[in-house]
Amino acid sequence: MTNPFDILFEPVRIGPVTAPNRFYQVPHCNGFGHRMPRGLAALRGIKAEGGWGVVCTEEVEIHHSSDLAPYFEGRLWSDEDIPALALMAESVHRHGSLAGIELAYNGLDASNLYSRVPPLAPRSMGTIGGSGYDPVQTRRMDKEDIRNMRDWHRQAALRARRAGFDIIYCYAGHGMSAAAQFILRRYNDRTDEYGGSLENRTRLLRELIQETKEAVGGTCAVAVRFAVDELMGDDGITSQGEGHDVVALLAELPDLWDVNLSNWGNDSAPSRFEKEGFQERYISFVKKLTTKPVVGVGRYTSPDSMVSAIRRGVLDLIGAARPSIADPFLPTKIREGRLEDIRECIGCNICVTGDTRFVPLRCTQNPTMGEEWRRGWHPELIAPRKSTKEIMVIGAGPAGLEAARALGQRGYGVTLLEARQEPGGRVLREAGLPGLSEWRRVMDWRLTQIKKMKNVSVYPSSPMTAEEIVESGAQNILVATGATWRRDGVGRTLSRSINGHDLTNVLTPDDLLEGKLPSGKVILYDDDHYYMGGVLAELLAAQGAQVVLVTPAPLVSYWSQYTLEQERVQRRLMKLDVKIQVQHVLVSIGSHSVKISSTLTGQTTELENDSVVLVTDRISNDGLYYQLKSALAEAGPGSLRLIGDAEAPNIIAQAVFSGHRAAREFDEVPVAGTPFKVERMNV
Ligand code: ADP
Ligand code: SF4
């Protein structure tokens, strides 16, 4: 029988090279960059091993006059940078895939905080990268600067070829490179041959493509990454206007078109706001204008959608960043017909925080992501069991589910006990909140895997006490009992409980998740700062409540800026008429009003309310663990471990990671000192 997805496994010719299939890991940032080349090479190698026919770098700086510090991207300033990148190309080639490199000269996007030379750009203006508000202004490039920049790009292309790369990018995506900024009218006020008409504004990109082809075109493919729409209407380029026209102007020049949306937040739109294939309506024109292969993204995780995008003539190659992070073995699983094994990306954008918080890439669905080199973790393989010990896991939230699954994969006998009627813990409940339905995939994938394991039994409706556990004779226990939202307002801002917190009109996220929804005038106090406050405000406002969101932070859902969501969250709340009161703390709660005070001046204001929702800290449900700890101390050897939110409340990704780590470390001798490898410079 033929595989209905065979078309995805056809080779695709890209200039002088051939991709072994249509699975294409587009360039994506990762927080490793030039700082941790071994970790990054291992991460990219795993993608190739999992079947991605092309695996690309992130942005790679080509010259010190365009330095992306404090972010860690790739770096190819000189020959000395070649070995680090060669590590990656080698690890990708080892599995028969092509390695792509995204050369970037970032112009306005680079503040050069490390190199301290003036950034160069089409015009002199404040830089737009990083924080967006660095007090740094660029120098307008003169003709000599443009000639120099083209030469740096050519040199970098030659170095990239020496490093072993097969596909070399000219980057004009996301408004983040000089080539893109020259095209954009708002950044280009030039009167020379690089300004004015679209043809003139596209001149630099055209020259870069031509010169890269002249330098390496015989052996390497030359790709263009271009954002066809900025979703800014006439203030930016659109897929019906200049986005279309640029592709028409350069149609046959590159060997490959990698097309997407700008800015990064639009390109990597979270599932809360956009669904699979969301870019098609913008990029589908491209294939009509060129005979060259086209790759695009849209958080494709369904092989049917992938095949459809190819058959409908939208794409030649299925581009992916996030789906390849959540499941590096997605292509292999499709090839082998193991569709239910695909670990689908949930679109939470925690992976983005690797870049935006300057730490190794991480993923909610795939706890091994970023740990390939330093911990030696593989997304599909795990050490077999070392004994016939049986393990009891208490609590089937993300931590307990992942621990049970991974221990089961190792071959241990596992009993997973859950107090509620349904497993899933916080994921089950939070996936019911507006826009978060795809988060269910965290539990669905794990339960699907567990169902196949004869050695793992799941018992819902089993609230366990310490006595029952001790009586059961269990010797090895993982406690994954989660955490509970605080009812007293204590958190990072308030150290003492708020007066009035015990009134009956005061609720927590747990109450709302159980279906107890306040109406009328609701004050939502958010000292958590990630998604919960914003999403609950959305839920209540959508149901007709008049919501005032009060937060000590300077922005609503402050931390969601690192997942590229903050502006969308705020926009949605404003559309729902949620009133926003930033930089205020809650002072006291009354039956019909609350008092808030400014974090800056201390000035107090009274707000009328019918109810209050406190989104502050959580308290670990660790009581069971401590009871067991003293009870089992007398019962002799065995193991007891606290994991997930019960150990320390954190994001879902951390609960999954914690469960996975506990499963990997079970029966192993604890490592003295730092339990993972650290990349250090040889000095
Ligand atoms: P985490 O994010 O750490 O996995 P969750 O709060 O999502 O934490 O999940 C914890 C799960 O543990 C919840 O589903 C909860 O019902 C369950 N649980 C808590 N206490 C017990 C107990 N004593 N016995 C069985 N299940 C429990
Ligand atoms: Fe997808 Fe979230 Fe993983 Fe990123 S972190 S790849 S968005 S599941």
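**View 1. Lining of the second largest pocket in the predicted model.** Helix 20 (531-542) and helix 23 (652-665) each supply at least two residues of the lining of the second largest pocket, and helix 23 makes the largest share with three residues. This is a predicted model in which local features need pLDDT of at least 70 and side-chain atom pairs count only at pLDDT 80 or more, whereas totals for chains, interfaces and linings use all residues. Residues are numbered from 1 along each chain as its sequence is written, and side-chain values use heavy atoms, with hydrogens and water left out. Helices (H or I, at least four residues) and strands (E, at least two) are DSSP runs numbered from the N terminus. The pocket has a volume of about 760 Å³, a volume being the space filled by probe spheres set on grid points that are joined across faces, edges and corners. Of its 33 lining residues, Tyr530, Trp559, Pro649, Asn650 and Ile651 lie nearest the centre.

**View 2. The largest pocket.** On a 1 Å grid over the protein atoms alone, a pocket is an open set of points with protein on both sides within 12 Å along at least five of seven lines, a cavity is a set of points where a 1.4 Å probe fits but cannot get out, and lining residues have an atom within 4 Å of a point. The largest pocket has a volume of about 1,600 Å³ and is lined by 45 residues, of which Ile128, Gly130, Asn263, Leu564 and Glu567 lie nearest its centre. Helix 8 (264-267), helix 14 (352-356) and helix 21 (566-575) each supply at least two lining residues, and helix 21 gives the most, with four.

**View 3. The largest cavity.** The largest cavity holds about 320 Å³ of space. Its lining comprises 26 residues, of which Pro27, His28, Trp264, Ser268 and Ala321 lie nearest the centre. Two or more lining residues come from each of strand 4 (54-61), helix 8, strand 13 (317-320) and helix 12 (322-326), and the largest share, three residues, belongs to helix 12.

**View 4. The second largest cavity.** About 80 Å³ of space lies in the second largest cavity, and the residues that line it include Arg322, Ile325, Cys345, Cys348, Cys351 and Cys363.

**View 5. Packing of helix 3 against helix 6.** Helix 3 (residues 143-163) and helix 6 (residues 203-216) pack at an angle of about 35 degrees, with their axes 9 Å apart, where axes are lines fitted to C-alpha atoms over the stretch in contact and angles run from 0 to 180 degrees between N-to-C directions. The contact (heavy atoms within 4.5 Å) involves, among others, Ile146, Met149 and His153 of helix 3 and Leu204, Leu208 and Glu211 of helix 6.

Definitions and conventions
Chains lettered and ligands numbered in written order.
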